[in-house]
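Here are my notes on the model, as numbered points. Have the coordinates open while you read.

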Amino acid sequence: MANVTVIGAQWGDEGKGKIVDWLASRADAVVRFQGGHNAGHTLVVGDQTYKLSLLPSGIVTGTLSLIGNGVVLDPWHFRDEVAKLKGQGVDINPQNLQVAENAPLILPFHRDLDALREDASGAGKIGTTRRGIGPAYEDKVGRRSIRVCDLAHLDDLGPQLDRICAHHDALRSGFGQPPIDRDRLLADLWDIAAFVLPFAKPVWRTLNQARKAGKRILFEGAQGVLLDVDHGTYPFVTSSNTVSGTAASGSGMGPSAPGFVLGIVKAYTTRVGSGPFPTELEDATGQRLGERGHEFGTVTGRKRRCGWFDAVLTRQSCTISGVTGIALTKVDVLDGFETIKICTGYKLRGQELDYFPSHAADQAAVEPVYEEMEGWSGTTAGARSWADLPAQAIKYIRRIEELIETPVALVSTSPEREDTILVRDPFVD
């Protein structure tokens, strides 16, 4: 059996959607194992564009798609996204889409708390999507969650409501908000339960059966390693572990689950929201990268910050997540640049560093050390083989491999599924 785990090796938005879609057509099952509906994936298949934020990308190809227990599920968004994709002609039913029955729910008061905290934080705001992801994870760890399986036992929900309301009502009072309307919450849960429950399954069991049958399983991560709650640019991170090891705990498959770890890496660097960004370009070059790369968030529409490729950060995230090979995306955005820079190290108060420090003050103070390379005048857009690439583009790719100490497995040269150069097959190697 050859499993593949796809993760973002930067701050997210690396182009995971296309790569997962490309791999999903060759997989037997696709699994989301962490995050919520705060991570947008855009798939372009022929003349059709699909925008997903919760459902596994495999659903578009008809591949068995599973939402694991490590995901926090907004049941109303789940219903809306299913309806939207069905409207685009995608067949979705409980036979090709399953939701882990032990996945925690994102509820309306989670969204309320997310927004209230951000609004009150002033300069300390994290830059969340305000979708309730963080508060839902907090309740999971605090043993207060209402989970998917609870939708089948709403008559017995009283003790759980007592626990969760005791916590949230105190927080809401501190923000000058009324307590949770328990009657309305229960009515809303009764209403949505009928839609969600047919999809609820013991996903761990489905995966175990697939493993025994020798099926190819593709694990789809959300966000990126630099947003990992432990290893990212804390506190400007997401609320889950985004590293490859989470594929095991977030799906119920065990430590051997990840298999080949494919790190998705953009040929330059972007991030959304607040937090340190050593190679950020707040000039015409940064503007050019953003415009050419269409750097706007799929979920929020927020403009992404852009900068040169940071080999230090990418090497660090590949090491932490055990990346086997990378898929390099958006190389075509760099077409036409006379010179291209790569960050090869940092200076911190006169000291040279070959890693990104953990403390926020140090992260904000590091200065990038650049290596400059000649750009290329030809085009990489639509290339499907090395022979289609300009010589300088190949030189750039090879230099990235050297600096991040990880080989290239795939090169993506446009949003189209087939515009991909296969160097190493993750499902075979």
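1. Let's start inside the sheet: leucine 262 sits opposite glycine 325 of β13. Strands β9 (residues 260-266) and β13 (residues 325-329) run parallel, joined by five bridges. Strands here are DSSP E runs of at least two residues and helices are H or I runs of at least four, numbered from the N terminus; two strands pair if DSSP finds at least two bridges between them.

2. Before going further, a caveat: this is a predicted model, with local features requiring pLDDT of at least 70 and side-chain atom pairs pLDDT 80 or more, while totals for chains, interfaces and linings use all residues. Numbering runs from 1 along each chain as its sequence is written, and side-chain values use heavy atoms, leaving out hydrogens and water.

3. The whole sheet is open and mixed, with 10 strands in the order β7-β6-β5-β2-β8-β1-β9-β13-β17-β18. β7 (200-201) and β18 (420-422) are the edges; each has a single partner strand, so one side of each lacks a neighbour in the sheet. Helix α1 (residues 16-24) packs on this sheet and touches several strands, including β1 (4-8), β9 and β13. Its direction makes about 170° with that of β1 (axes are lines fitted to C-alpha atoms, for helices over the stretch in contact, and angles between N-to-C directions run from 0 to 180 degrees).

4. Now the cores, meaning sets of buried Ala, Val, Leu, Ile, Met, Phe, Trp, Tyr and Cys residues joined through side-chain atoms within 4.5 Å. Buried is under 20% relative accessible area, exposed is over 50%, and partly exposed is in between (1.4 Å probe, protein chains only). The largest core has 89 residues, and Tyr396 is among those with the most contacts inside it. Helix α12 (residues 391-404) gives this core its largest share, six residues. Another core of 17 residues lies apart from it, and Leu262 from point 1 is one of its members, along with Val20.

5. Which residue's backbone oxygen does the side chain of asparagine 96 reach? That of aspartate 91, at 2.8 Å. Asparagine 96 is in the loop between α2 (75-87) and β6 (97-100), and is buried at 10% relative accessible area.

6. Don't go looking for disulfides (cysteine sulfur pairs within 2.5 Å): the count is zero. For cysteine 149, the nearest cysteine sulfur is 18 Å away, in cysteine 165; cysteine 149 is partly exposed at 23%. Cysteine 343 is buried, at 0% relative accessibility, and its sulfur is too far for a bond, 15 Å from that of cysteine 318, the closest.

Methods
Contact means heavy atoms within 4.5 Å. A polar contact is a pair of N or O atoms within 3.5 Å; within protein, one must be able to donate a hydrogen and the other to accept it, and residues adjacent in sequence count only if both atoms are side-chain atoms.
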